[in-house]
Amino acid sequence: KNLDIKALIGQSFAVDQNAWKGTATITKFNFGSTSINKGYPQIKLTATSAGLVLDGTIHNVLAEIYLDGKSWWNPSATAEATASSLNVKGTIKVSVSSSGTVKATTSNVTVKLNNLKVKVKDGWGFLVNWLIGLFNSSITKLLQDTLQGQISSAIDGPLGTALQAFALDQTFTLPGFFGAPATAMKLTSSLQTLTSYGPSGGLGGGIKLGLKAALTSNKKVPYKILGSVKRRSCLKTYQTYAKMPRKSSMEIAMHLDLANQMFTSLWQAGGLKLKVPTESLLSVDLTPYQVSDVSVDAQFLLPPLVSDCTPSGEPEIQLGDVQLDVKAKLSGEPVILRVYMSAAAGVKLVAEPGPTGKTIGLQMSPPHLLESDVDSVLLAGKQAPISTQAFFQQLLPLVAGQLIGLFQGTLASIPLPELDLSLLATSIPKGTVLAIDVQSVYSKPGNVHADGKVK
């Protein structure tokens with residue numbers, strides 16, 4: 001829609017052909033039919049290994065040319081040419097610099113006029129065949145040069161900007177658990193690789209973008225932050241790269257390192273410092289034992305870890321060094337049971353509704369490992385008697401199991417990138433995006449995948 005093909009009007013060129021010398025000037029250039037693509041040119045981009053192949057069609061072309069002869073034997077005349085369509089072909093090569101800037105360059109533009117007809121208005125009918133030759137040579141060359149410039153202006157810059165917009169730079173919020181504050185997370189990314197490929201082996205062509213990304217948050221815990229754990233190919237000698245199946249219109253892969261950065265960010269911002277009330281913990285009435293006001297303060301001394309370096313190769317979440325202060329009243333006296341707990345549970349990947357569409361959701365299954373170690377039991381600020389310690393140690397598995405059970409379900413949702421189509425042309429309304437309509441979410445070594453349709 002941004003193509004200004006009427007820029008051809010007023011362009012002139014010298015003609016010295018078949019003993020006719022003079023100047024030809026384009027005085028009119030119209031195209032389009034409201035019955036075909038609302039009168040706008042039709043443009044299709046096809047991915048190949050050499051770049052994007054542009055194939056465009058401009059329908060119902062009408063051009064008027066004034067031929068200014070320089071003598072009586074070189075008569076002046078006005079000619080009108082019509083063509084059912086003008087086919088435009090070219091190649092757009094797309095690359096990304098070391099700084100993450102995308103550059104698109106149009107080249108090798110060719111044009112072809114279909115069903116060309118020429119009519120001379122001033123009675124010089126003998127010029128018709130010569131003018132057809134002129135259109136298929138000089139004027140076609142002028143069309144090619146003009147359209148290459150117009151396509152470069154209308155497509156190259158906006159296409160590069162739009163592809164670069166896949167490099168997300170945004171802040172999103174994860175809600176806190178049980179009184180913990182919500183965590184504002186900063187996601188930054190930059191493009192590292194960009195490859196176009198053609199159809200092969202029954203699979204479609206497309207563009208593959210490789211991004212370097214990081215998630216972080218403001219530090220609010222007193223611990224020294226060493227950073228999130230890297231997968232390191234499960235300590236093997238190879239590096240795991242995402243292998244895209246190339247069976248869906250749009251496919252996204254996220255490395256587990258980024259998921260662990262998200263959990264580390266949640267942890268360091270205090271999002272895993274919890275206060276769990278009695279009603280969320282126990283379904284058993286302890287009042288016959290003179291126990292009341294049970295609550296738990298939980299602090300994760302280490303961030304949770306998602307790993308697929310497991311015997312089955314399936315991802316699981318591992319919780320280590322969770323400090324629990326189980327607080328209660330025994331016969332009206334305060335009791336504090338300090339416990340250190342570890343757990344491991346499978347992770348299920350799902351497509352979850354988000355504010356602007358579906359996201360990748362990480363859901364925790366029931367734990368297959370739950371271990372705890374009692375550090376101390378205090379009664380009224382002093383070490384409790386053996387009988388009191390034994391009672392609360394028997395209570396511990398119930399409390400720990402209930403606590404872990406509270407985390408089952410969705411732990412976090414990860415937003416997915418979108419292409420802002422308004423960057424392609426000013427005529428496209430703001431907020432018009434090309435996004436993935438997630439159909440399936442699954443894991444492969446080192447990565448979480450989301451496949452779906454384009455919406």
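Which residues of helix 2 are buried? Let me list them. They are L256, D257, L258, A259, N260, M262, F263, T264, S265, L266, W267 and Q268. That makes twelve of the 13 residues in helix 2, so this helix is largely enclosed by the rest of the structure.

Before I go on, a caution. This is a predicted model.

Now the overall picture. The protein has 455 residues, and 43% of them are buried. It contains four helices and 23 strands. What about contacts along the chain? Take those between residues at least 6 apart in sequence. Of these, 64% join residues at least 24 apart.

Back to helix 2. With 13 residues at 1.5 Å a residue, helix 2 should span 18 Å. Its end C-alpha atoms are 18 Å apart, which agrees. Just after helix 2 comes G270, with a positive phi of about 85°.

Stay with W267 for a moment. Its relative accessible area is 5%, and buried means under 20%, so W267 counts as buried. W267 also has a ring partner, Y223. How are the two rings arranged? Their centres are 5.8 Å apart and their planes meet at 10°. Stacked means under 30 degrees between planes, so this pair is stacked. The count of aromatic pairs in the model comes to one.

Where do the two partners sit? Y223 is in the loop between strand 10 (206–216) and strand 11 (250–255), while W267 is in helix 2 (residues 256–268). The pair therefore ties together parts that are 44 residues apart in sequence.

Next, the core. In soluble globular proteins, nonpolar side chains tend to be buried together. Here, the largest nonpolar core holds 102 residues. Which of them touch the most other members? L86, V88 and V94 do. Helix 1 (residues 128–164) gives this core its largest share, ten residues.

Leave out residues up to four places away in sequence. V88 then touches L54, D55, G56, I58, V109, T110, V111, L147 and I151.

One last stop, in helix 1. A162 lies there. Is A162 buried or exposed? Its relative accessibility is 1%, so A162 counts as buried. Now find V102, which is 60 residues from A162 along the chain. The C-alpha atoms of these two residues are separated by 9.0 Å.

Terms used:
Residues numbered from 1 in each chain as written. Predicted model: local features only at pLDDT ≥ 70, side-chain atom pairs only at ≥ 80, totals over all residues. Heavy atoms only, no water. Phe/Tyr/Trp six-rings, centres within 6.5 Å; stacked < 30°, edge-to-face > 60°. Helix = DSSP H or I, 4+ residues; strand = E, 2+ residues; numbered from the N terminus. Buried < 20%, exposed > 50% of the residue type's maximum accessible area, 1.4 Å probe, protein only. Core = buried A, V, L, I, M, F, W, Y, C linked by side-chain atoms within 4.5 Å. Contact = heavy atoms within 4.5 Å. Expected span 1.5 Å × (residues − 1).
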